[in-house]
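Me: Hi! Could you walk me through this structure? I'd like to chat about side-chain contacts and a few backbone details.

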Amino acid sequence: MDADCASLLPGVCAVLAASGRSLPDDTSLEKLLDWFTGLTEAGGSLLEACPCLLEFISTVVLNTAVDPGVLSFALRLTGLMAATEDGYEKLQERSVLDQVFQLQRWREAGLWEDPCLRIGWILGLRSMLQHPKALCFFVQSDFIDPLLQLQTDASLFVASAANQMLAHILLFFQPVPSLGCNGVDKKEEDDDDGTKRASAAYAAALAAISAYLKESLVPKKYTALRQSLQILKLLALLLAAAGPPLCDGLLQTAGDPLEDLVAAGCSQLTLPLMDVLLAACSSSGFNQRVPDQRVGRLLSSMLDVNEPADLLHAAAAFLRRGHHSDVVNTTRAVRILLLPLHIVTGQTLLGTNATADGRRSSAVEQLKCKTSCISMTCVTLTNAPRIALLPPGVLPCAPDLIVTAVLSLLRICSGVSSSSPPGCGEVCRNVIGSGKVQKCALEALTALDGSPGATEKTSEVFTVLMQYLENPDSDPTVLHKSYQAFVKWTGVCTDLSFVTDQLRLDLVELVRRRACDMRWEVRDSTVEFLGQLAGLHASAATTEGTASDALLGARCTTPLLKEALQDAESYVRASAVSALAKSLTHGWQQGAAPDEDEKEIVSRLLEILSQDTEGFPRRAVVQYFASWFSSSPSPSSAPLLMRCARSVLSQGSADLDWEVKVHTLELAQLLLDEAFSGHRGYRKVSDAPHPRAAVSEQTRAPRASPEGAESDLAAAVELGVVAALLSGLVDCDRPVGLRACRLLMALRDAVCPPGPPDATAAVATVSCELPGGGGWGEEIRKTLGVESGEGGARVSVCEALRLLGLDERLDVLTRSSDHVHNSPLSLLQDILTASAAHTRADTQPGEEVIVDCY
């Protein structure tokens, strides 16, 4: 432990021990625990490093006037200190554990009623239960029954913590062949008596918990449902992670109660029951043996309950788990899930199966209730794409018929379909105009694009989608999802022969109208749609260049997007910029010279970058230029871009929005990569997750000599790349500084490699100007020790790169500010400062106490 922290800790302990009220910053105790946990996990001993903690615990637990939060902290700290056998034994020698965890004294003091203390007791014991001796203490102290009672505690946090702790006891200490009972290799010198005691303790805990499961799983009355729910959660948790012996025992114990629960058909327990049964099916032990007949039977029973809504949820849970090797139950689940769609649309998804007919009447009755109808239909739609991809043997119909049914449902919802299945008129009325069903159906349709036989439905799909897009009453979200489905289905078409002249005319008229909609969300979705279509390359079977050209014509998209650049809503302006980049990419890739439209667009984009008051459009502009540069075959093929680059870099690096600055540095990186990728020593900067992984391997063969580096560096200076990097280096936003630092290091390694000075003499003559009048230029001058001349100063780029201390800067930037402001020392100082402030406030009523809560 740091010496400064060690010197402050006794004072902090004294402050906490004397606290008769809540601390001004209630996160301080959690931060202290995090710090102590880190010290323990690093192999340190809290008792040896912080002897004052033992005195603190002994003092606090005897003072019932102490704040309950501090008492809870003391319990959790005790458990943390006893998590090692050595710490446990030292605390036992001083009788601290009995004193801290003894329930009777907390009850007598009236403190057990505070949930803060109860959760501290649970979490403290859980921290301690990391070795057999702690388990023996837990069992011998008769703590199992209180822990079982806490499963249904009034506090959800306490009940959940108690549930998790029971699972921890059974799973962490479960016997493992050739391993000790705590899951680590047994030492040869282990005491046989100790091992026997631990085994006996585990057996006692398992017996008590098993008895509790057997007795309490089935609710005796409606108010006990919460208890059953908690036990089912515990069982699912245990069965998912238990080894074969424990899994077998739990299934044997819970088998009869589970059968009773399934037979009871309680709606509130349908999903947790399925979780338990499916966890049993998935457990490692279960899959390695002959399947448990009881579990299989219970699973079948769950797929045969009377309530259609419960049945639907059970089938959906089964299908989500992916037990498709169970063909019988998978087939049943599919039929159950398709039944509502079969009834509402009249499509023969289930054929004339007698079982389906037997369930049909009860399902129809439930679908007559509007709330149930919408809920059940949405469950079916959510699972429809998954069903369509199942093997033919479990499907009751061809996969493309599911697409047909979803399209039928969309027609019914919009009121286009005038007919309804026999006897289902009331059911159909429940989904007409339902935005929820429409959204679910459109999501299902979007996901069904890759299902077998789906492409044969292309014409019908686009007909329905156009009806939705043209409907003036369509909700903005419904329109957005319709656009998404349109793009997705366009992207999977083998050809665009379905595009008729009428469809093209209708679509052009539609997007023109929607681009002027009063609702900005609709305008934004329309602009985004235009960009997405432009980004889809048409099939080789067509003569058109892109899907946008085939569907809208070459001269429709750009005028609409140019107009959207003037939109009053910043989101729409940003979407328009992004859509323009996608629509022009094809031309950029071909190296085509910009026409008058594109020149006008570039002029407008530069205006947005310099004048727009919102950050979204400005970010999109910088990304536009970066995309243009990435798509061009070479800089020489885009002279307009290169003429704009200096202005974009200059304005972008001075922007107030940190994301604009980061995107500006991305453009600067592209320019660096283009200029220096062939130089020995230059490595492309990586976006690796770890910030210290600053550079990646070279991607081109290096040049053998620094020849050409001078001209490339001079060009980078002239374009404003170096200025943008230096500006970013001293930026107050850490992501900007970090990226700039990495790029400057890559540039330094390329143009200023270590070696004889004459090898880089020519490069050393390249200089850049540091602007005067404050700002980043002044900060760089101070770092370099350069005097400012009139109007600024010029410095050698190589000299600056060597003197800026880039390696040290990178180290600081990757550590973030937490190592200074959120350190243990800062935390301890905060607690002491807050205590002193409160003491002063006590003598001066009304004085506000401000605590730094980082």
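Me: Let's start with R105. Which ring does the charged end of R105 sit over?
Reply: The ring of W106, with the charged end of R105 placed 4.7 Å from the ring centre. Keep in mind as we go that this is a predicted model.

Me: Noted. How many aromatic pairs does a search of the whole structure find?
Reply: The search turns up 19 aromatic pairs. One of them joins Y88 and F137, with 6.3 Å from centre to centre and 70° between the planes.

Me: What kind of pair is that, stacked or edge-to-face?
Reply: Y88 and F137 are edge-to-face. Y88 belongs to helix α6 and F137 to helix α10, so the pair ties together parts that are 49 residues apart in sequence.

Me: And are Y88 and F137 buried or exposed?
Reply: Y88 is buried, at 8% relative accessible area. F137 is buried too, with a value of 5%. The cut-off for buried is under 20%, so both residues qualify.

Me: Which residues are in the ring cluster with Y88?
Reply: Ring pairs connect Y88 with W112, W121, F137, F138 and F143 in that cluster.

Me: Where is D142, and what is its phi?
Reply: D142 sits in the loop between α10 (132-140) and α11 (144-149). Its phi is positive as well, near 60°, and D142 is not a glycine either. At 59% relative accessibility, D142 counts as exposed.

Me: While we're at α2, how does its length agree with what it should span?
Reply: Helix α2 covers residues 28-41, which is 14 residues, and at 1.5 Å a residue it should span 20 Å. The end C-alpha atoms of α2 are 20 Å apart, so the two values agree.

Me: Which residues of α2 are buried?
Reply: The buried ones in α2 are S28, L29, K31, L32, L33, W35, F36 and T40.

Me: OK, salt bridges. How many are there?
Reply: The count comes to 32 salt bridges. The general idea is that side chains of opposite charge can pair when their charged atoms come close.

Me: Can we look at some? What does D501 pair with?
Reply: D501 meets R504, with 3.2 Å from N to O. Both lie in helix α28 (residues 501-514), three residues apart, which is about one turn of the helix. D501 is exposed at 58% relative accessible area, while R504 is partly exposed at 25%.

Me: Now K562. Which residue does K562 meet in a salt bridge?
Reply: That would be E600, at 3.1 Å from N to O. K562 lies in helix α31 (residues 557-564) and E600 in helix α33 (residues 596-611), so this pair ties together parts that are 38 residues apart in sequence. E600 counts as partly exposed, with 48% relative accessibility.

Me: And the one between D655 and R618: what is its N to O distance?
Reply: It's 2.7 Å. D655 is in the loop between α35 (639-653) and α36 (658-676), and R618 is in helix α34 (residues 615-631), so the pair ties together parts that are 37 residues apart in sequence.

Me: Are D655 and R618 buried or exposed?
Reply: D655 is buried, at 9% relative accessible area, and R618 is buried at 10%.

Me: Which residues are linked in a network of salt bridges?
Reply: One such network links D256, E259, R294 and R297.

Me: Last topic, the surface. Which residues make the nonpolar patch?
Reply: W520, Y571 and F616 make a nonpolar surface patch of about 260 Å². Of these, Y571 is found in helix α32 (residues 570-589). Y571 is partly exposed, with a relative accessible area of 38%.

Key:
Residues numbered from 1 in each chain as written. Predicted model: local features only at pLDDT ≥ 70, side-chain atom pairs only at ≥ 80, totals over all residues. Heavy atoms only, no water. Helix = DSSP H or I, 4+ residues; strand = E, 2+ residues; numbered from the N terminus. Buried < 20%, exposed > 50% of the residue type's maximum accessible area, 1.4 Å probe, protein only. Phe/Tyr/Trp six-rings, centres within 6.5 Å; stacked < 30°, edge-to-face > 60°. Lys NZ or Arg CZ within 6 Å of the ring centre and 35° of its normal. Expected span 1.5 Å × (residues − 1). Salt bridge = Lys/Arg side-chain N within 4 Å of Asp/Glu carboxyl O. Patch = residues over 30% accessible without salt bridge, like charges linked within 9 Å, V, L, I, M, F, W, Y side chains within 5 Å. Areas by Shrake-Rupley, 256 points an atom, 1.4 Å probe, with all protein chains shown as cover.
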